[in-house]
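Subject: Handing over a structure

Hello,

Here is the structure I promised to pass on to you.

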Amino acid sequence: MRVLILGMGDLGVRIAQRVVEGGFSSACLLAGKSDAATQWARLLHITSGREVSAAKVDGQDVESLKVLLTRFEPELIVQCASLLSPFALRSVPTGAAQAVLKGGFALQLAAQLAVIRALMQARRAVGM
């Protein structure tokens with residue numbers, strides 16, 4: 001199975017480790033805005049010997065996502081990208097930030113919606 005993992009924060013990295021090290025993919029593509037995808041792909045390839053590649057992509061850029069989907073043709077997409085890390089608010093001392101933290105993870109899910117929307121637009125445009 002060809003697996004695309006979009007977003008290389010803590011969750012994306014943990015999922016990538018399980019997918020690659022567990023042999024759940026024939027090819028795994030790690031993608032995100034930072035250089036983390038490249039670094040993790042190299043490390044996972046070295047430690048597992050499995051096919052792991054990386055791509056630098058903005059999860060809100062529909063055109064870039066279309067190119068990525070067309071080039072890699074994933075059978076499974078794991079969307080982990082977020083506009084705001086769930087851990088980012090821990091260091092913000094404002095009442096609003098603390099209220100969001102107390103509200104739980106569900107209040108922070110909206111930070112993923114822009115990426116999900118762009119990904120679904122790209123997926124539809126390439127006929128997946």
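A word on the ground rules. This is a predicted model, in which local features need pLDDT of at least 70 and side-chain atom pairs count only at pLDDT 80 or more, while totals for chains, interfaces and linings use all residues. Residues are numbered from 1 along each chain as its sequence is written, and side-chain values use heavy atoms, with hydrogens and water left out.

**The cores**

A nonpolar core here is a set of buried Ala, Val, Leu, Ile, Met, Phe, Trp, Tyr and Cys residues joined through side-chain atoms within 4.5 Å. Buried means under 20% relative accessible area, exposed means over 50%, and partly exposed is in between (1.4 Å probe, protein chains only). The largest such core has 16 residues, and L4, L6, L29, A31, V57, L65 and L68 have the most contacts inside it. At least two of its residues come from each of β1 (2–6), β2 (27–32), α3 (62–72) and α5 (110–125). These helices (H or I, at least four residues) and strands (E, at least two) are DSSP runs, numbered from the N terminus.

A second, separate core holds 15 residues, including M8, L30, V52 and V78.

Contact means heavy atoms within 4.5 Å. Setting aside neighbours within four places in sequence, L68 is in contact with L4, L29, A31, A55, V57 and E73.

L30 sits in strand β2 and is buried, with a relative accessible area of 0%. With neighbours within four places again left out, its contacts include I5, M8, W40, L44 and V52. L30 and L4 are 26 residues apart in sequence, yet their C-alpha atoms are 6.1 Å apart in space.

**The cysteines**

How many disulfides are there, counting a pair of cysteine sulfur atoms within 2.5 Å? The count comes to zero. C28 is in no disulfide, as the nearest cysteine sulfur, that of C80, is 10 Å away. That distance is too far for a bond. C28 is buried, with a relative accessible area of 0%, and C80 is buried too, at 10%.

**Also worth a look**

M120 lies in helix α5 and is partly exposed, with a relative accessible area of 33%.

Enjoy exploring it!

Best wishes

Methods: Disulfide = S-S within 2.5 Å.
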